[in-house]
Amino acid sequence: LNVPEIPISSASSESSISRVFQERFIYPKWFTKQKYKFYEKLEDRLKKLRYVHTRSAEHYEKMNFYIFGPSISITALSGIASFLSTSDFIDPDARNGLGVTVGVLASISSMLQALASASKYHAKIESHRGAADQFNTLLTRLRFEMELPNEENFTEEIEQQIIEVKNKCNFFPPQFIIDEYQTRKHNKRLSKTKYRELSDYSQVNTDTVIDINAEEVVDGISMN
């Protein structure tokens with residue numbers, strides 16, 4: 001018995017994946033122009049906080065290396081000198097010199113470690129790095145909310161989160177990093193202004209207009 005095959009319409013399979021989109025996104029009524037401008041200012045603020053705390057972590061990490069690097073090297077040299085001072089193939093006078101050297105190097109190493117401990121560079125690195133990561137997360141959330149707003153109380157929530165991040169970071173960033181950010185921002189603004197001026201200048205019509213009807217005279221003789 002031959003059963004006729006029924007063709008399967010592709011329309012049913014396509015309808016399962018087809019979506020109906022609106023021509024443009026309709027913003028909620030509570031998302032006003034004033035709130036969007038506030039989000040733009042908040043975005044600039046979060047960019048500054050992320051930059052400042054990232055640079056602060058890098059700065060303190062460099063300072064920590066400047067102290068612990070020599071301290072590790074001095075400790076290694078002190079260990080070598082201590083081993084040589086107990087060897088039999090070293091002259092007694094040299095042993096005494098090595099013993100004094102070991103004591104001096106150990107004292108310098110202890111001083112550097114005490115300085116590093118008092119400076120709290122490691123704690124500052126972790127604090128600023130954590131703050132930078134959290135500000136970067138808040139910045140990502142803010143950008144999503146600016147494009148597709150769906151949280152009416154987003155302003156209050158992000159304000160509370162910014163305050164919490166600042167309270168967790170117990171160390172102030174160095175002033176020169178804040179000044180560095182202001183200088184970079186100022187230079188960027190100047191470059192944009194100069195580029196805009198150059199663009200406006202390039203749009204000016206500088207074509208030369210020649211009047212073909214004007215009479216050209218060479219040596220008192222009309223050339224037309």
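Helix H2 supplies the largest share of the lining of the second largest pocket, five residues. Helices here are DSSP runs of H or I of at least four residues, numbered from the N terminus. A pocket is an open set of points on a 1 Å grid over the protein atoms alone, where a 1.4 Å probe fits, with protein on both sides within 12 Å along at least five of seven lines; lining residues have an atom within 4 Å of a point. The model is predicted, with local features requiring pLDDT of at least 70 and side-chain atom pairs pLDDT 80 or more, while totals for chains, interfaces and linings use all residues. Residues are numbered from 1 along each chain as its sequence is written, and side-chain values use heavy atoms, leaving out hydrogens and water.

The volume of the second largest pocket is about 260 Å³, a volume being the space filled by probe spheres set on the grid points, which are joined across faces, edges and corners. Its lining comprises 14 residues, with Leu-49, His-53, Lys-166, Phe-172 and Pro-173 the closest to the centre. Two or more lining residues come from each of H2 and helix H5 (154-168). By class, nine of the lining residues are nonpolar, two polar and three charged (nonpolar: Ala, Val, Leu, Ile, Met, Phe, Trp, Tyr, Cys and Pro; charged: Asp, Glu, Lys and Arg; polar: the others, Gly among them).

The largest pocket has a volume of about 410 Å³ and is lined by 11 residues, with Lys-47, Tyr-181, Lys-185, Lys-188 and Lys-192 nearest its centre. Helix H2 (33-85) and helix H6 (175-202) each contribute at least two residues to this lining, and H6 gives the most, eight.

Eight aromatic pairs were found in the whole structure; rings of Phe, Tyr and Trp (its six-membered ring) pair if their centres lie within 6.5 Å, and planes under 30 degrees apart count as stacked, over 60 as edge-to-face and the rest as tilted. Tyr-27 and Phe-31 form a stacked pair, 5.5 Å centre to centre with 15° between the planes. Tyr-27 is partly exposed at 41% relative accessibility, whereas Phe-31 is buried at 11% (buried: under 20% relative accessible area; exposed: over 50%; partly exposed: in between; 1.4 Å probe, protein chains only). The pair of Tyr-51 and Tyr-181 is tilted, at 5.4 Å and 45°. Tyr-51 belongs to H2 and Tyr-181 to H6, so this pair ties together parts 130 residues apart in sequence. Both Tyr-51 and Tyr-181 are buried.
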